[in-house]
Amino acid sequence: MQEQNNFSSRIDFGLVTILLLLCITSCVAIYSAQSTGQYSSNFLLKQIVSYMVGVGIVLGVITLDSDQLKKISWYAYGFGLFVLLMLVIMPESIVPRINGARSWFKFPGFGTIQPSEFMKVFLILALANVIHTHHLKNSLKTIETDLWLLGKLILVTMAPLLLIMQQPDLGTSLVLCAILAGMIFISGISWKILLPIVSTAVLLISTIFYFILWQPDLIKKYLGVKEYQFGRIYSWLDPYNYSSAEGFHLIKSLLAIGSGQTFGKGLGSREVYLPESQTDFIFSVIGEEYGFIGSSFVISLFFLLVYHITKTGMETKNNFYTYICVGVISMLTFHVFQNIGMTIGVMPITGIPLPFISYGGSSLMGNMMAMGLIFSIRYHHKKYMF
């Protein structure tokens, strides 16, 4: 009995509450999204099952302390690379092409699994290990050691990034870049190195964007960008000229969210038809049925989640744990900003799901694995807090 009480006293019930509210929000939104009758699959039941599996993953990860996480980080990273490589070389009977991408393993009678969702967490562990080990071995910080650390971080990220780009999966590639950026900024690398790199990156992106708008033929010729990829950019900037193709989802999403106004139309009172709304455009369903109030509630939940993880990372005395928290924050923040942004026209459509709310077993279980790391930090280092 005493051991059970000790276990429960070390559980982060604040994080449990936030995840429970996200779970309820997800179930209600998915129930409404599938109630239009165009789907034969019960997405709500599958999402509940995925949440149950996710809880099991959390209970497994929470038992691992920092030393154990360091030991398994490279094994997990290597396993993730191996599985991503299998996606590239396996036949289409096992790795089908869905929406133009080979990102899922298909298992008869079980469904599909997207390995890249788990690779995000494996990458966070690997990068945290790289930074922690580097600082232990290089107590004297110089420009040379900072450059070496930056090179290692980029190298570790490039391996899974190149494999994911082969699928191709632009959304996940951007998430990996966001994780890398967050880890670089927390790593302690001198701004004398970072500032020129950031400035160059901004200039390069601005130049590419200029050529996409005014000189698209050069981009096609030298960068190999396909016509449909241009369509995503153009439909984002001017969706009404692409209303029958790439701009269809954005127009419908804007109409759904706008028609929700302040309080929404209520559960099951949707009027705007939006295909596959249970996945990437689940926020549009929430905006239409619950309006500005419901949308603000969802955004507030994510704010609380990020704040909670930030507080955890600041309070722990273990730098390895702090790096993990930064990686998880970078991943979740980019997911939320990109997903909600694309539903309201602020960001281009990339197919990134809304964490913990969009339907998708792999995405949900990958995010729950990340939460397992946060639970582990609280569980094993509660004595250092408050």
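Leaving aside its neighbours within four places in sequence, which residues is leucine 301 in contact with? In this predicted model, the partners of leucine 301 are Ile18, Leu21, Leu22 and Thr25. Leucine 301 sits in helix 12. Its relative accessibility is 3%, so leucine 301 counts as buried. Leucine 301 and isoleucine 143 are 158 residues apart along the chain, and their C-alpha atoms are separated by 40 Å.

Stay with helix 12, which spans residues 282-315. One of its packing partners is helix 11, residues 248-260. Two packed helices are described by the angle between their axes and the distance between the axes. For helix 11 and helix 12 the angle is about 25°, and the axes lie 6 Å apart. Angles under 35 degrees count as roughly parallel. Helix 11 and helix 12 are therefore roughly parallel to each other. The crossing of helix 11 past helix 12 is left-handed. On the helix 11 side, the contact involves Ser253, Ala256, Ile257, Ser259 and Gly260. Helix 12 meets them with Phe283, Ser284, Gly287, Glu288 and Gly291. By class, the residues of this contact between helix 11 and helix 12 are 3 nonpolar, 6 polar and 1 charged.

Now look at the connection. Glutamine 261 lies in the loop between helix 11 and helix 12. Glutamine 261 is not a glycine, yet its phi is positive, at about 50°. Is glutamine 261 buried or exposed? Its relative accessibility is 62%, so glutamine 261 counts as exposed.

Phenylalanine 356 belongs to the loop between helix 13 (319-343) and helix 14 (361-381). Here the relative accessibility is 1%, so phenylalanine 356 counts as buried.

Helix 13 comes next. Threonine 322 lies in this helix. At 16% relative accessibility, threonine 322 falls under the 20% cut-off and so counts as buried. Apart from neighbours within four places in sequence, threonine 322 is in contact with Gly313 and Thr316.

How do helix 13 and helix 5 (residues 116-137) cross, and at what angle? Their axes come within 9 Å and cross at roughly 145°. The crossing of helix 5 and helix 13 is right-handed. Helix 5 contributes Lys120, Ile124, Leu125, Ala128, Asn129, Ile131, His132 and His135 to the contact. Helix 13 contributes Asn319, Phe320, Tyr323, Ile324, Gly327, Val328, Met331 and His335. The residues of this contact between helix 5 and helix 13 divide into 9 nonpolar, 6 polar and 1 charged.

Finally, the cysteines. A disulfide is a covalent bond between the sulfur atoms of two cysteines. How many disulfides does the structure hold? The count is 0. Cysteine 27 is in no disulfide, and the nearest cysteine sulfur, that of cysteine 23, is 4.2 Å away. A disulfide needs sulfur atoms within 2.5 Å. Cysteine 27 has 16% relative accessibility, so it counts as buried. Cysteine 325 has 1% relative accessibility, so it too counts as buried.

Note on methods: Residues numbered from 1 in each chain as written. Predicted model: local features only at pLDDT ≥ 70, side-chain atom pairs only at ≥ 80, totals over all residues. Heavy atoms only, no water. Axes fitted to C-alpha atoms, helices over the stretch in contact; angles between N-to-C directions. Helix = DSSP H or I, 4+ residues; strand = E, 2+ residues; numbered from the N terminus. Parallel < 35°, antiparallel > 145°, perpendicular 65-115°, else oblique. Left-handed = near helix turned anticlockwise from the far one by under 90°. Contact = heavy atoms within 4.5 Å. Nonpolar A, V, L, I, M, F, W, Y, C, P; charged D, E, K, R; others polar. Buried < 20%, exposed > 50% of the residue type's maximum accessible area, 1.4 Å probe, protein only.
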